Amino acid sequence: MLCSLHVKNFAIIDEVEVFFQNHLNIMTGETGAGKSILIDSINFALGGKATKDIIRKNAEFALVELIFQTDRKEVFQIMEKNDIGMQDDQIVISRKILQSGRSIYKINGENAPTQIVKNIAGYLLDIHGQHEHQSLLYKHVHLNMVDRFAKEEAFIYKESIAKLYQEYSKLKEELNSAEIDEDKRLRELSFLEYEMKEIEDAKLKVGEDEILQSEYKRLSNAANILESLSVAYSLTSEENDSAANNVSRAVKQLQKVSNYDEKLNGLLLQMNDIESLLNDFNRDVSEYMDHCSDSREELEQVEERLNLINHLKAKYGNRIEDILTYYKKCEEKKFKYEAYDEYLTKLTQKIKIYEEKLNKECEQLSVIRQQKAKILTERLIKALVDLNFLDVQFEIQFTRLKDFTWNGFDEAEFMISTNPGEPMRSLAKVASGGELSRIMLAIKSVMAKKDDISTLIFDEIDVGISGRTAQKVSEKLGVLAKEHQILCITHLPQIAAMADTHYVIEKQTDGLTTHTNIRQLKEEEAISELARILGGAKITENVLNSAKEMKALAYTIKSHGNSDLIS
């Protein structure tokens, strides 16, 4: 469940913190008080789109923090996989957005990518925002709902189909790009042979270019190297003022006195080592200079080889490895073009094999979908009747697409008739806004048990309804709240009366700034809030009594489970 929500500097919210309870949490307030902003803040924390415009005026950042209590093993697996620690089965998710537009997500105090936050949120809550019921107008949403209802039974096939379709699509794409006329095939073959011969003649070796670059650097600076070595040799060799001559003199001087003090033997040994090192150095320098001949011809050869390699790099890749990889691809293409008919035949046969596999998997998935759709239909009809669709007819109609997709070959559409004698038609052509809202609530109530999501959030699920229908919606929410935590924003007293915990959202201003606040109501305050919703600006004694009666009726309905059972 969602234990608490902390919001700071978000839109017109300065700072609020609210602790939610289990079962039905109702939020009411005047129009414009910021009720939907609270839901927006939850969406924001869980990866919803946002810009720096949502940061409260004159603030440096906006922050939303959610604390959940959960026992979902799927959540624990995600946390463990991403090395995020758990404590007392609590998850703290926060998001901060800075004036720069940068967002920082954290899970239990550790930075986390957006996708991990979204993955975890998918197991913790389901948010029905304003106008979400409009998604019911799209057929792909209907198929998705059937699959969600089927759960693992459909998922196994969907996963298999997605992998098969990926390979199938690659093969189809390859076949489409491979189909060329004879003249073009011969031209392509000739060009491939030319490119392959150019690479073959070069006899490239991996790492060769790096060695050549080093050689080129040495050979192009040979004159400078020889000049510097000559100077160094003259300074250290056997000439009168050379280092070697001076070191030799120093050795002789130390030899004269080394018998007088044992410590002098150490100094003598050091000078002997220096003399030996200088002699080795001079010998190595002399040998290097002896082998330094005219290197112009060698330089030309290295330069010519580098130019060839760089020419091939410009055409076929930035590295020798890339050029060799390109050559292998040319080999594969050459084989295709040389044995073109055989290649096309094999490719077509391979596509046919994948089509057969796909068709088999899609048919099995379609059977499962249609079986589950029958059960879903029965439950949805019952839920719709509970929501005052008394003579409703409903079915899920399946059609087969012409081609395969990653999601199989099914298309599903919700068909409905809400009045006796009327034929069933597409949901998109029949339902009004209020009806769509109720249908979505029916779907959510059926799906809630299937999805095992503990927290459901409804932002103005009551749009377009009133009277007895509103009463039925409130009862459905009350039933759902027995097994789930529900957060619901409403304008209707029938729904507000059903609250297990009631919060009021208020907008306050000092003339200069405006901010939103939320607080939990006590029993008497909840009745006063109901009276406000019932009576508007003027709350009379009769309105207060009506509010008390409505609250008492809600308690009775919760006990009996249905207002129709109350005499």
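Predicted model: local features only at pLDDT ≥ 70, side-chain atom pairs only at ≥ 80, totals over all residues.
Good morning. Helix α9 (residues 243–257) and helix α10 (residues 262–291) have axes that come within 9 Å of each other and cross at roughly 155°. Helices here are DSSP runs of H or I with at least four residues, strands are runs of E with at least two, and both are numbered from the N terminus. The axes are lines fitted to C-alpha atoms, for helices over the stretch in contact, with angles from 0 to 180 degrees between N-to-C directions. Angles over 145 degrees count as roughly antiparallel, so α9 is roughly antiparallel to α10. Contact, meaning heavy atoms within 4.5 Å, involves residues including Val-247 and Leu-254 of α9 and Leu-267 and Met-271 of α10.

Residues are numbered from 1 along each chain as its sequence is written, and side-chain values use heavy atoms, without hydrogens and water.

Next, the sheet. Three strands form an open sheet in the order β9-β10-β11, with antiparallel pairing; pairing requires at least two DSSP bridges. Strands β9 (393–405) and β11 (425–426) are at the edges with a single partner strand each, so one side of each lacks a neighbour in the sheet.

Finally, the cores: sets of buried (under 20% relative accessible area, 1.4 Å probe, protein chains only) Ala, Val, Leu, Ile, Met, Phe, Trp, Tyr and Cys residues joined through side-chain atoms within 4.5 Å. The largest nonpolar core has 57 residues, and helix α15 (residues 433–451) gives the most to this core, with nine. A second, separate core has 46 residues, including Leu-5 and Tyr-503.

Note on methods:
Buried < 20%, exposed > 50% of the residue type's maximum accessible area, 1.4 Å probe, protein only. Parallel < 35°, antiparallel > 145°, perpendicular 65-115°, else oblique.
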